[in-house]
Amino acid sequence: MDSAVSDPHNGSAEAGGPTNGTTRPPSTPEGIALAYGSLLLMALLPIFFGALRSVRCARGKNASDMPETITSRDAARFPIIASCTLLGLYLFFKIFSQEYINLLLSMYFFVLGILALSHTISPLMNKFFPANFPNRQYQLLFTQGSGENKEEIINYEFDTKDLVCLGLSSIVGVWYLLRKHWIANNLFGLAFSLNGVELLHLNNVSTGCILLGGLFIYDIFWVFGTNVMVTVAKSFEAPIKLVFPQDLLEKGLEADNFAMLGLGDIVIPGIFIALLLRFDISLKKNTHTYFYTSFAAYIFGLGLTIFIMHIFKHAQPALLYLVPACIGFPVLVALAKGEVTEMFSYESSAEILPHTPRLTHFPTVSGSPASLADSMQQKLAGPRRRRPQNPSAIYEESNPKDPAAVTETREGTEATTSKGLEKKEK
């Protein structure tokens, strides 16, 4: 994913404009403000709605719909994997023909974009279907092997409403494949971003800090240290970035002087903000303090990125400003409220399967290992008995002194139980 804000206004070659710097007229202040404001708004939408949908996704009871949980190990390896991928794309564009690479990538993202957009609009489209709509259920099952060795490769369940959403998304996909129009690109980019925030879950705040910290260094190095990221962003014809024309007011929908924002600058902070929303809900205080704080921090960080980019006329690593803001602001709020321990001890993965039984407390046991083993065998083999209500009896059972007394107590309990059963049968 591209993770930098690029500004091609005034024909700057460094920021994505034409190399000769003379073929495009300078953008008007109104056009620049419209482009920056639109990019900011488009970045906020998938974060806000994706975070809300991540809560519903975490509470889902269908195992096939469970989100992907990012652990601390995954977070530590992610910047290395992203660096290798970015450098590989850069070398591919240098060695092979850019036209054929983009054709292959366009087909790949054409399929992914249709599926992502269909999943995004499905909850919204369900509200427009009439109650008597003939909705049939379907299942696409692809297995490998037979008998006991059979393994499911694909198990996708859908209905008629999903097929309608898939058809509408396919129209956008064909439009993007044939025209590469910036609106179709943004529809796919928004769908990718929202699905990423919804389905990628950090397991705790510490993992989020590791991920954001690693990508903080990654972003700075590949934007300021080399021209790799900006080159890939300009050469890569795929919906991995949001774009908005700065000459929209002059050329309309056919404008071509774009400012861009990488999807990494949306998804990476977005999954951290979604984690804080789930943490807010776990506190059960009916407030979303940390979510709104981190959301405001994102607006501040992205606004600062755009301001500095406009001043220095150079592409900026957005995570350089977003990471300190999105981590620092909520931590300061937690310090002020005295909830730092609760924040860093919160485990999001504990809420993914709420229907799974969990051991919430450990029983206190006493006696020798042999007596404990005998007691466990009796509980497994014999019928369940009520605990004696007499406190002295409880004390005597937990602190046996005379084996004969213990035997008499058990016999008395069994006799009482048998009498009760006889009465019920009568």
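Helices (H or I, at least four residues) and strands (E, at least two) are DSSP runs, numbered from the N terminus. The model is predicted: local features need pLDDT of at least 70, side-chain atom pairs count only at pLDDT 80 or more, and totals for chains, interfaces and linings use all residues. Residues are numbered from 1 along each chain as its sequence is written, and side-chain values use heavy atoms, with hydrogens and water left out.

View 1. Of the 426 residues in the chain, 40% are buried, where buried means under 20% relative accessible area, exposed over 50% and partly exposed in between (1.4 Å probe, protein chains only). The accessible surface comes to about 24600 Å², and 63% of this surface belongs to carbon and sulfur atoms. Accessible areas come from the Shrake-Rupley method with a 1.4 Å probe; for residues, only the protein chains shown count as cover. Among contacts (heavy atoms within 4.5 Å) between residues at least 6 apart in sequence, 75% join residues at least 24 apart.

**View 2. Packing of helix α3 (residues 98-125) on helix α4 (residues 160-179).** The two helices pack at an angle of about 140°, and their axes are 8 Å apart. α3 is therefore oblique to α4. Axes are lines fitted to C-alpha atoms, for helices over the stretch in contact, and angles run from 0 to 180 degrees between N-to-C directions. Angles under 35 degrees count as roughly parallel, over 145 as roughly antiparallel, 65 to 115 as roughly perpendicular and the rest as oblique. The crossing of α3 and α4 is right-handed; a crossing is left-handed if the near helix is turned anticlockwise from the far one by less than a right angle, and right-handed if clockwise. Residues of α3 in the contact include M107, F110, I114 and I121, and those of α4 include D162, C165, L166 and V172. By class, the contact of α3 with α4 has 13 nonpolar, six polar and one charged residues. Ala, Val, Leu, Ile, Met, Phe, Trp, Tyr, Cys and Pro count as nonpolar, Asp, Glu, Lys and Arg as charged, and the others, Gly among them, as polar.

**View 3. Packing of α4 on helix α5 (residues 182-199).** Here the angle is about 130°, with the axes 8 Å apart, which means that α4 is oblique to α5. The crossing of α4 and α5 is left-handed. V172, G173, W175 and Y176 of α4 meet I183, A184, N185, L187 and F188 of α5. This contact of α4 with α5 has seven nonpolar, two polar and no charged residues.

**View 4. D159 in strand β4 (residues 151-159).** D159 is buried, with a relative accessible area of 14%. Not counting residues up to four places away in sequence, D159 touches N135, R136, Q137 and Y138. D159 and Y138 are 21 residues apart along the chain, and their C-alpha atoms are separated by 5.5 Å.

**View 5. L91 in helix α2 (residues 72-95).** L91 is partly exposed, at a relative accessible area of 42%. From C-alpha to C-alpha, L91 and V232 are 9.6 Å apart in space, and they are 141 residues apart in sequence.

**View 6. K284 in the loop between α9 (264-283) and α10 (289-312).** Most residues other than glycine have a negative phi. K284, not a glycine, has a positive phi of about 55°. N286 lies in the loop between α9 and α10, and its phi is near 60°, a positive value in a residue other than glycine. K284 is exposed, with a relative accessible area of 73%; N286 is exposed, with a relative accessible area of 79%.
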